[in-house]
Amino acid sequence: MAVDYTVIVVYLAGMLAMGWWGMRRAKSKSEFLVAGRRLGPWMYSGTMAAIVLGGASTIGGVGLGYQYGLSGAWMVFTIGLGLLALSVFFSARIARLKVYTVSEMLDLRYGGRAGVISGVVMWAYTLMLAVTSTIAYATIFDVLFDLNRTVAIIIGGSIVVAYSTLGGMWSITLTDMVQFVVKTIGVLLLLLPIAVVKAGGFSEMKAKLPTEYFDPLGVGGETIFTYVLIYTFGMLIGQDIWQRVFTARSDKVARYGGTVAGTYCLVYAIAGAVIGTAAKVMYPKLPSADAAFATIVKDELPMGVRGLVLAAALAAVMSTSSGALIACATVANNDIWSRLRGAVGRSDAGQEHDEVKGNRAFILVMGVAVIVIAIALNDVVEALTVAYNLLVGGLLVPILGGLLWRRGTAAGALAAVVAGGLSVIGLMWWYGILANEPVYYGLLTSLAVYAVVSLATKPTDARVLAAWRERLAGRGAGPDAEQPVAEPAPTPQ
């Protein structure tokens, strides 16, 4: 496997080199956290697709295909649907707000009283997302080097923390573009056709597997509905996704580039399910469905190609992990720590430089915390379920309500976050973490409380709404307006 090792080592070295390059470019808070809001359609589409298609979408998507057949595509498919909905209906308005976090959007819309609590909920979500992505390194490095789980997590996590800390969003953007290309070649252009051919083609797959493996709804209607509720709606409100929207050069780039990325996700979903179905033909009695990806790569691919496909899996995990890490650090610093210590404003270049150092320090601290938690945590599915349940149950209604309903108030938003979040936690304790009821009832509770409290309280101040409309139209002054003017730089495409 010397050739495979060489491919992986070159790939990892390239990630670190791009982190160093990004460090030289990220000189302001805007550059460090949102790549200067200068990404063109090509880079925006690639990086957006990279962050949403992580280890769960790649290794987990193949595993669902192994377990359920073509209907195993639904989890990743609903992620693509969520990205499409975000891009078509909301991304242009989100990009025009010129903020850094979801909580800043809530403050703008409601008058500045929901930030810390919503920030804590979003921080918990992004932290768990980063942890679950980091745990996935153990699977990949085990196939590559037969490494101990803890060592694998430390190696993979340390590389992501290093390039994310060095260059912030610029480093992550550059590495994500490479990761997008590697995933496209490794999974779509190599693994997919090779798996189908090795399984004997579609005719042989249909002959050897039960008919339900080719039923588009075979995974079950309730499961599909839950996927839509958690993943489609989760795509609409996650800080990790919004922070990528903030990098767009314009609202048109956000809309059309996101639409391209969402369409790519739909194709990726089907590819993963087909690969998993082919693996079921070749290895009908694997001990775990999640082992399907590693098994087919290790046993069926030729030398060199195997290294590239494993690099693709590593790319999938790294893109999600780095995106979640910078989102977690941004929320921790800007929405929680800065508010608690009462930090406001930026008046000179020296303070702006300090903010870059401060955000860099938060990424490092959060990165170390993520690695430690990943080593201690065993159940990835439960951790990810808790994260998405809190996100959707606590924040979906206040965020979409703020974008769509003029009568929503700060009191209604705050009550919805608290009621939805506490309901989800209590119901997970009662029904079990993996049950569907917590997110169903938690979301209904949040919606009811938001509507009742908003109607029962004084409408949002007209001046707040006027300033909100100005920002939505792209005419208000965003946080970047206070920053020193940087030298013009070429716009990435």
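Student: What kind of crossing do helix 13 and helix 14 make?

Tutor: In this predicted model, helix 13 passes helix 14 in a left-handed crossing. Residues Ile275, Ala279 and Met282 of helix 13 meet Ala292, Ile296 and Glu300 of helix 14 there.

Student: Why are helix 13 and helix 14 called roughly perpendicular?

Tutor: Start with the angle: helix 13 (residues 251-282) and helix 14 (residues 292-300) pack at about 65 degrees, and their axes are 10 Å apart. Angles of 65 to 115 degrees count as roughly perpendicular, so that label applies to helix 13 and helix 14.

Student: Thanks! Now, what makes Thr47 count as buried?

Tutor: Its relative accessibility is 1%. Buried means under 20%, so Thr47 belongs in that class.

Student: Where is Thr47, and what does its side chain reach?

Tutor: Thr47 is in helix 3, which covers residues 41-52. Its side chain reaches the backbone oxygen of Met43 at 2.9 Å. Beyond its neighbours within four places in sequence, Thr47 is in contact with Leu39, Thr173, Asp176, Met177 and Arg244.

Student: Let's turn to cysteines. How many disulfides are there?

Tutor: A search of the whole structure gives zero disulfides. To count, two cysteine sulfur atoms would have to lie within 2.5 Å.

Notes: Residues are numbered from 1 along each chain as its sequence is written. This is a predicted model: local features need pLDDT of at least 70, side-chain atom pairs count only at pLDDT 80 or more; totals for chains, interfaces and linings use all residues. Side-chain values use heavy atoms; hydrogens and water are left out. Helices (H or I, at least four residues) and strands (E, at least two) are DSSP runs, numbered from the N terminus. Buried means under 20% relative accessible area, exposed over 50%, partly exposed in between (1.4 Å probe, protein chains only). A polar contact is a pair of N or O atoms within 3.5 Å; within protein, one must be able to donate a hydrogen and the other to accept it, and residues adjacent in sequence count only if both atoms are side-chain atoms. Contact means heavy atoms within 4.5 Å. Axes are lines fitted to C-alpha atoms, for helices over the stretch in contact, and angles run from 0 to 180 degrees between N-to-C directions. Angles under 35 degrees count as roughly parallel, over 145 as roughly antiparallel, 65 to 115 as roughly perpendicular and the rest as oblique. A crossing is left-handed if the near helix is turned anticlockwise from the far one by less than a right angle, and right-handed if clockwise.
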